[in-house]
Amino acid sequence: MALLSNTTPVYVAFFFILNSVSITAGSRLSSESSSGLLSPYDELYYRGVRAYFREDWERAAEFLEKSISTRDMLLRTRRKCHDECLTAGDDKVSKLDTADGSLWDLGVLDWIQVRAECVRFCMGRSVSPAALLPVSSDIEYEFGTRNPYNYLQVTYYKLDKMDKAASAAHTFFVANPSHLEMRNNIEKYKRMIGVKDESFQDREREQEQHWEMYDAAVLAESSSDWAKAVKKWKECVNETLKQTEECRAQCVMAPRVLPEEPDTAQGVYERAADLSLSLLSCKQMCVTLVSTRPGRVSALEDFLPLQLEHLHIAQFKAGDLKGAVETLRSLLLFYPTDSDSLSNLELYSQTLEGDTEAQETGPLQEIAKYVSRALQEKRLLYFGMANLDFKFSDPDLWTPEDVVPEALRETWRAEKEQLHEKLKQGQKVEEVDESGFYAGGPVPVVGVTITMDDQGLNGTNRVVLDGVLSQSECDRLMQLAAIAASVGDGYRGRRSPHTPHEKFEGLTVLRALKLAQDGHVNQSDARLLHEIGETVKVLMDSYFRSHSSLYFAYTHLVCRSAIPGQQEGRSDLSHPVHVDNCILEPETRQCWREAPAFTHRDLSAVVYLNDDFEGGDFFFTDRDTKTVTAKVKPSCGRLVGFTSGPVNPHGVTAVTEGRRCALALWFTTEKLHRDMEREEAEALWTAVGQSVKEEKGDTESALKSARSGRSQGKERSKERDRVTGRRDEL
Ligand SMILES: O=C(O)CCC(=O)C(=O)O
Ligand SMILES: [Fe+2]
């Protein structure tokens with residue numbers, strides 16, 4: 001028989017929202033009905049939406065705001081009552097633990113009844129009877145996706161309250177990052193005079209704090225600042241626990257819809273199982289909710305244990321062995337038989353000469369409480385479930401087998417497998433690029449066309465453009481590369497950095513310029529290399545829209561030539577699959593922003609110069625680095641552009657005959673990381689341009705003054721304007 005948990009009267013806090021915004025006298029008043037009790041927030045919301053469609057903006061703002069604040073208060077009240085009733089009915093539960101099973105059903109019903117009455121009494125003191133009723137799933141969805149802020153944004157705009165409109169827009173956008181219209185609106189608010197930077201605030205930020213801490217911890221870790229990483233991971237663990245508990249506290253029985261009296265023994269049993277299953281799945285849902293970012297799909301499996309692992313490593317690296325021991329013990333609460341943790345503990349115990357008594361403070365204590373409560377709930381449920389044929393999901397990957405009755409283990413294992421599979425697929429299908437770039441902007445250079453976009457390339461933030469260079473420009477750059485190669489390459493002696501079957505030659509803008517000065521290559525060809533960069537920057541900046549300015553990070557012309565006689569039976573790649581700004585770990589699908597990856601690179605572009613070679617296809621893959629998602633055949637003037645992060649792993653197939661040349665460019669949003677070599681080249685350029693008649697030695701002093709003083713600044717920017725200006729005329 002099927003037990004339908006969705007019909008049971010549990011307040012499932014699918015999208016829990018708990019603001020710790022203090023309740024001001026004003027907002028309390030506005031959320032109360034005439035009886036002084038909290039009104040139903042769904043009704044307030046409907047009134048707000050109706051006013052919105054009547055274009056009665058004043059009323060719309062009033063009711064939408066009231067619905068948001070009333071919901072906050074309701075959730076907080078429920079939390080308070082949950083705490084107040086935490087032990088209600090415990091005597092019944094403790095009997096369940098010891099009972100031989102014959103009284104399980106009655107015990108569960110008793111327990112639920114007692115607790116529900118406690119909660120009902122508690123909530124009844126401040127919530128009106130209508131507001132005690134569960135809201136529809138539509139309303140839960142509306143609030144979960146932050147749609148009230150969508151209405152509020154327009155409403156405040158109409159009321160000419162731009163700061164509030166900007167804040168509503170931002171709050172909505174955080175949970176809906178691919179909502180292009182809202183993105184454009186935000187852009188407009190940013191340009192409006194009088195809208196302050198502080199207005200772009202996430203009004204729901206309170207529930208996202210653990211994510212801010214998570215990001216800060218990862219950042220500290222990637223810069224090997226271990227002391228800071230320890231601090232940040234601790235904060236993150238504490239906050240994640242807090243958010244989880246807040247969420248779980250919302251899972252209380254709806255006090256007005258208690259089980260009707262079942263008349264048969266089997267009926268009693270089923271009812272009890274049904275109710276306890278609902279309660280448990282509501283609590284379990286919190287694990288997924290807390291580890292899912294708003295607007296992003298992929299939940300991190302095993303979120304708390306994962307953080308503890310990071311914390312443990314950071315503590316070890318920071319030399320805090322006692323702390324590491326404490327964290328390991330916390331981790332062992334989840335996975336008591338984990339061999340790595342056990343052997344690490346053993347190791348620390350030897351180093352500390354047995355002094356490994358953890359102080360059981362902070363996270364350890366809280367985690368111990370959390371784990372033991374969660375396990376008690378599971379035991380309770382699984383015990384009762386043992387004789388029933390039903391399906392359930394357990395999002396915790398750490399539930400020990402002994403909690404699950406023998407009869408259920410088979411189903412349970414299958415569920416776990418499925419969960420793993422689902423997680424994997426979820427990550428595969430819905431890659432979300434967090435880079436802040438959005439493909440799809442215009443291509444403002446005459447003659448350049450979009451050949452493939454995200455859809456054609458099967459991914460996110462990818463593009464292929466054609467017509468970036470003419471045939472004669474390709475020829476001139478090929479010529480430049482050939483001469484430069486003959487006088488030594490720019491690969492600092494690493495002639496085959498990716499494969500021994502090919503020779504690599506690289507040339508930077510500065511080196512090309514110096515070769516021109518020494519009379520090895522044409523000035524105009526060296527200048528072309530520089531100018532192509534400017535065009536590519538205009539294209540990338542425009543197509544990949546973002547809030548940030550773009551700077552050159554690095555540019556080089558690269559040729560890969562097949563080494564004759566060394567191609568037989570070759571199975572490697574010309575350039576192995578990689579991500580440009582992080583180190584991809586295909587097994588975990590994680591990408592570590594750490595050296596030797598060029599972590600500051602944000603956008604990548606490769607412009608191809610020729611096609612008269614064998615092999616050398618560019619390709620994108622999935623995060624597994626194996627599944628090829630799109631291929632690009634190089635040809636003169638073709639550009640492949642993409643965001644440099646984990647959504648775009650890519651590689652190059654072996655060049656088995658001939659020579660393949662391309663201009664590779666990377667851009668950064670961090671001014672600090674801009675390409676100083678390019679600036680040096682530009683300064684040199686200016687100096688040379690200014691002093692055609694001057695002696696060659698003078699360029700050196702001109703360069704110095706450009707680097708150290710402001711005197712050259714104006715000249716340089718004039719020169720740059722001229723360069724871009726010319727390209728714009730194309
Ligand atoms: O040459 C290409 O097509 C790609 C090169 C590349 O991925 C890189 O240099 O990072
Ligand atoms: Fe690359």
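How do the axes of helix α2 and helix α8 lie, and at roughly what angle do they cross? In this predicted model, local features need pLDDT of at least 70 and side-chain atom pairs count only at pLDDT 80 or more, while totals for chains, interfaces and linings use all residues. Residues are numbered from 1 along each chain as its sequence is written, and chains are lettered from A and ligands numbered from 1 in the order in which they are written.

The axes of α2 (residues 41-53) and α8 (residues 147-158) come within 11 Å and cross at roughly 35 degrees. Axes here are lines fitted to C-alpha atoms over the stretch in contact, with angles running from 0 to 180 degrees between N-to-C directions; helices are DSSP runs of H or I, at least four residues, and strands are runs of E, at least two, numbered from the N terminus. On the α2 side, Tyr45, Gly48, Val49 and Tyr52 meet Pro148, Tyr151 and Thr155 of α8 (contact means C-beta atoms, placed from the backbone, within 7 Å).

As for α8 itself, its twelve residues reach 17 Å from first C-alpha to last, close to the 16 Å expected, that is, 1.5 Å times one less than the number of residues. Buried residues in α8 include Pro148, Tyr151 and Thr155, where buried means 20 or more other C-beta atoms, placed from the backbone, within 10 Å of a residue's own. After α8 comes Asp160, with a positive phi near 65 degrees.

Turning to ligand 1, its surroundings are His575, Asp580, Val606, Phe618, His650, Val652, Ala662 and Ala664. Strands β13 (650-653) and β14 (655-668) are the elements giving two or more residues to this shell.

Note on methods
Near = placed C-beta within 6 Å. Contact = placed C-beta atoms within 7 Å. Buried ≥ 20, exposed ≤ 12 C-beta atoms within 10 Å, placed from the backbone.
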